[in-house]
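Good morning, and thank you for coming. I would like to take you through one model, part by part, before we open the discussion.

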Amino acid sequence: MNMEGMLKTGTVLTAQSGSAYRVCAYLGAGTQGEVYEVECGGKHSAVKWYFPQMATRTQREILENLLMKGSPNESFLWPEDLITGGPGGGLGYVMPLRPKEFRGIVDLMKRRAEPSFAMLCRIAFNLTKGYGMLHAKGLSYRDISFGNVSFNPATGAVLIGDNDNVSASGRDDAAVYGTPRFMAPEIVTGREKPSRNTDLYSLAVLLFYMFMLGHPLEGKLEADIRCMDIHALNRLFGTHPVFIFDPNDTSNRPVEGYQDNVLIFWELYPQSLRDLFIQSFTVGLTAPNKRVTEKQWLYEIANMMSCLITCPRCGAEVFFDAEKAARGETHVCWSCRRAVPYPPSLICGGDRALLPLGAKLYSHHLTGNYDMDTVAGEVVANPSDPRLLGIRNLTGDNWTYIRADGRQIPVAPGRSAAIAKDAKINFGARTGEFR
Amino acid sequence: MTELKRPGGELASRPLHFFWLVDCSGSMNEEHGEKIGTLNHAIQSTIPDMAAAARENPNAQLLVRTLKFATGASWVTPAPVPIEDFAWDDLTAGGVTDMGKAFEMVAAQLTIPPMSERALPPVLVLISDGGPTDDYRRGLETLLRLPWAKKAVRIAVSIGRDANDDVLAEFTGNRELVLQANNPQALVRCIKWASTAASAVSAPASKPKLAAPASGSTNAPLVLDMKSIPEPAGDVDAADVW
């Protein structure tokens, strides 16, 4: 069995920090190197060890820069220590091991991991947030794709790996230009080098794959291709990209029998999400600086997470669509095809949360800070009349309840305020209105 | 009430046909049968790696089959087998080297039908330790006339010093894709390297700027320069979209 790579089990690697890492097991190989499980002082980590031709001075400089900058947030398997020298004078770096419960995006694509719509939104939100934090540091990722992202199906936590190509946006120093189907058209055609804006294209592709289980440019033009070779890939994703739902160009619509998923899913999401994809894959194909930013995605996905309706008949999750509601249209369950009623909403800043019993409000709703982890409130029943619902203050701050008649009542932590039409709650940073 | 699963199916993928074309002529029995033994070992041990790579490849359904040629040629696995179900049957050696016959039989499989109209480029891995004893050229011409064969990634593994590298290069169309296996370790490496063509073809992995050399001298997975595989020009019906 070829289970041995460049490093033998038991080899001790001394890192720049002085820590000694003992090689425990070979985990796998990629295009740039091999990954091993290592142990140091009882703690297990991963080491990526470069193939000799990839162990370049530039790679080492990139790693040194990443170590200095530090991880953007907890969603990254960021380099923690550098190993130079060692057997054969090689190069490698230490990073956290991916916990066993994490699954890959390929599991999502092959339906081996089956999160709910709510959890899928949470995963997409956390991923987008991670890339946003990276870009905020002036870095670009360069290879957003299936292979280097994983998620915890139970919590929605994400881990972004393969950070060793991350470098300053626009610099042509990393060893990677990206993955076919994810690379922006201007990279496929060789006009541009990876940058923050090409990352935004790849992010839109990844989100489209996650939500729609298909590719935004694979419609009739893909179905007509017999042999999907490099020339076909270059045409579809480089020289002649056409969005499958381009409102002004119907030449690449999905084909039933070949691209069924996108036909099924596209209609299930709110128009506001569809609009972001339309922007990404029409104007965004040719104008890199008009691509959808992380904040736009986060804002939209936070709303989707907060506006899911559970069909009372069949239990399917149905996305609330504010535009549909504004037109007075009925929401219909995609599964049982019956009308789905929806509860009142809290509108806070530009954000909306539906308020069924048990729904949670997050810090983001109260402040617009994109924190969808910290619970700030919960919809509870009034103990004296369970038909009356209210929002319990789960923060440490006082809120002010503003009744329809203008009377103001303090809502101390732990207290609840009734959900009533035309009433408002002043949360401090923002005021929420019930609708 | 339990939540319903999300609708829809798996991400759509295309079939990727992978062929092992193995020379089982008598010379493979030289060195007390070590050549054929090493080959059996090498391919068998690469199958789990291929299956693992396929599991993580959402764009391809990897289908494998084996053709052996010696005196005549025959399918070891007559129908394409999904990699997760594929098991290597040890080959035995004896006879001459009817490579042309092997080309004809592969050609029959790359004709539409039985070949599907939509697929990823097929991968043909030819492993040989000697020159053909039949009219290989006729078979090769039949094969290379087919659009699917032209589009195929064709790799040859040349075992020992008696292999006819000129013939193998005619098959691959590119001398760099004739891998030299002059000892058992090199054979194992070459076969391992060729097997990763399945992943390279559907291109799910990162595209490094620095490609690993095609010598199979490291453990680095195959990074094929797909642009070197020609786009059929005037000889394909212009109405076809390839």
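**A buried glutamate and its surroundings**

Glu186(A) lies in helix α4 of chain A, residues 185-188; helices here are DSSP runs of H or I with at least four residues, strands are runs of E with at least two, and both are numbered from the N terminus. The model is a predicted one, in which local features need pLDDT of at least 70 and side-chain atom pairs count only at pLDDT 80 or more, while totals for chains, interfaces and linings use all residues. Residues are numbered from 1 along each chain as its sequence is written, chains are lettered from A and ligands numbered from 1 in the order in which they are written, and side-chain values use heavy atoms, with hydrogens and water left out.

Is Glu186(A) buried or exposed? With a relative accessible area of 4%, Glu186(A) is buried, a term for under 20%, where over 50% is exposed and anything in between partly exposed, using a 1.4 Å probe and protein chains only. Leaving aside residues up to four places away in sequence, Glu186(A) touches Arg191(A), Glu192(A), Thr198(A), Leu285(A), Pro288(A) and Arg291(A); contact means heavy atoms within 4.5 Å.

Let me turn to the domains. Chain A is divided into domain 1 (12-95), domain 2 (103-297) and domain 3 (343-434), with bounds from an automatic or database domain assignment. The centres of domain 2 and domain 3 of chain A, taken over C-alpha atoms, are 35 Å apart, and four residues of domain 2 of chain A are in contact with five residues of domain 3 of chain A.

Next, strand β23 of chain A, residues 431-434. Strand β14(A) runs antiparallel to β23(A), joined by three bridges; pairing requires at least two DSSP bridges. In that pair, Cys348(A) stands opposite Gly432(A). Strand β22(A) forms a hairpin with β23(A), with four residues between them, and Gly428(A) in the turn has a positive phi of about 110°.

Finally, chain B. Its average pLDDT is 84, and 82% of the residues score at least 70; pLDDT is the predictor's confidence in each residue, from 0 to 100. Residues 209-223 of chain B stay under 50, and residues 225-242 of chain B are also below 50. Where pLDDT is low, the predicted coordinates should not be read in detail.
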